[in-house]
Amino acid sequence: MTKETVHGVLIECVQGDIASRPDMQAVVNAANAQLLPGGGVAGALHCAAGPGLEQECRPLAPIRPGQAVISGAHNLPNEHVIHCLGPVYGVDEPADKLLADCYRNAVQLAEEYKLASIAFPSISTGAFGYPKKEATEVAFRTLVEILPRLKALQHIRFVLFSAADMHLHEDVFNALVHEDSRNA
Ligand code: AR6
C-alpha cells in the first residue's frame with residue numbers, strides 16, 4: 001500500500017472493494033450512462049446502497065462520457081456517490097481526454113460539496129476495456145495537476161480490486177510524483 005502527501009493531499013492506493021470504505025465521505029462509481037446497477041463497481045455499489053440509489057439516480061440520467069453527477073449514498077457507509085461515465089475504449093474519443101474529464105469533474109463535485117475524502121476505482125478499465133497502465137497514467141496525471149488548487153479535499157484513495165492493479169497504481173503514482181517534484 002502506497003501513501004504519500006502531495007500538495008497537502010494524502011494520496012493512497014489500497015486493494016479491496018470500493019463498496020466497503022466507511023472512512024471516505026464519497027465513493028466514485030464507474031457508472032453506465034443510465035446510472036443503472038450493471039456489473040463491476042456499479043453492481044457492487046448499487047447492491048450495497050439498496051434500491052434507493054437507483055431511484056435517486058433515475059432523473060439524473062443519462063450522462064455523457066466524461067461527465068460526473070452526485071447522489072446520496074443510501075445504505076452505503078458514505079455520504080455521497082459520485083457517478084462518472086468513463087469512455088468505452090475504442091469507441092468514445094478522445095478516450096484520454098474523456099477519462100481525464102471523469103477524474104476532474106468528480107473532484108470538482110467533491111470540492112463543491114466541501115468533501116474531505118474521496119475513493120476512486122479504476123474507471124473504464126473493466127467492462128469498458130481501457131488498457132490499465134494508460135488509464136492509470138491519465139488518472140494520476142489529471143489528479144496531480146489539480147492537487148495544488150484543492151481547498152476541501154484532503155484525502156484521495158484508489159481502491160483496486162486485484163493486487164496486480166494496486167501495484168500498477170503504486171508504480172505509476174511513484175514515477176509521476178517524483179517527476180512532478182523534479183519539475184517543481
Ligand atoms: N471495487 C473496486 N474495484 C472494482 C470492483 C469493486 N467492487 N469491481 C470491479 N472493480 P467496471 P468500467 C474494478 O467494469 O470499465 C458496469 O457494468 C475492475 O477490476 O466496474 O468503467 C457498468 O454498469 C476494473 O479494473 O467499470 C458500466 O456499464 C475497474 O474496477 C460498465 O461496467 C472498473 O471496472 C463500466 O465499465
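1. P62 is found in the loop between α2 (51-57) and β4 (68-72), and in this predicted model the peptide bond that leads from A61 to P62 is cis, with omega near 0°.

2. Another backbone feature to look at is H7, a residue other than glycine whose phi is positive, near 50°. H7 has its place in the loop between β1 (2-6) and β2 (9-15). As background for reading that angle, most residues other than glycine have a negative phi.

3. Turning to the ligand, the model places 23 residues around the ligand, and the closest are D17, N32, V41, T125 and G126. Sorted by class, this shell is made up of 11 nonpolar, 9 polar and 3 charged residues. Which helix gives the most to the shell around the ligand? Helix α1 (residues 40-49) does, with 4 residues. The space that the ligand takes is the largest pocket.

4. Several polar atoms of the backbone can be followed to the ligand one by one. A polar backbone atom of I18 is 3.0 Å from a nitrogen atom of the ligand, whereas for G126 a backbone N or O atom lies 2.8 Å from an oxygen atom of the ligand. F128 likewise has a backbone N or O atom that lies 3.1 Å from an oxygen atom of the ligand. As for how covered the ligand is, taken alone the ligand exposes 700 Å², and the protein buries 88% of that.

5. The last point concerns aromatic rings, of which a search of the whole structure finds 6 pairs. A pair of aromatic rings is described by the distance of the centres and the angle of the planes. For Y103 and F120, the ring centres are 4.9 Å apart and the planes stand at 45°, so this pair is tilted. Why does the pair tie together parts that are 17 residues apart in sequence? The reason is that Y103 lies in helix α3 (residues 95-112), while F120 lies in strand β6 (residues 117-120).

Notes. Residues are numbered from 1 along each chain as its sequence is written. This is a predicted model: local features need pLDDT of at least 70, side-chain atom pairs count only at pLDDT 80 or more; totals for chains, interfaces and linings use all residues. Side-chain values use heavy atoms; hydrogens and water are left out. A residue is near a molecule or strand if one of its heavy atoms lies within 4 Å of it. A polar contact is a pair of N or O atoms within 3.5 Å; within protein, one must be able to donate a hydrogen and the other to accept it, and residues adjacent in sequence count only if both atoms are side-chain atoms. Accessible areas come from the Shrake-Rupley method with a 1.4 Å probe; for residues, only the protein chains shown count as cover. On a 1 Å grid over the protein atoms alone, a cavity is a set of points where a 1.4 Å probe fits but cannot get out, and a pocket is an open set with protein on both sides within 12 Å along at least five of seven lines; lining residues have an atom within 4 Å of a point. A molecule sits in a cavity or pocket if more than half of its atoms lie within 2 Å of its grid points. Helices (H or I, at least four residues) and strands (E, at least two) are DSSP runs, numbered from the N terminus. Ala, Val, Leu, Ile, Met, Phe, Trp, Tyr, Cys and Pro count as nonpolar, Asp, Glu, Lys and Arg as charged, and the others, Gly among them, as polar. Rings of Phe, Tyr and Trp (its six-membered ring) pair if their centres lie within 6.5 Å; planes under 30 degrees apart count as stacked, over 60 as edge-to-face and the rest as tilted.
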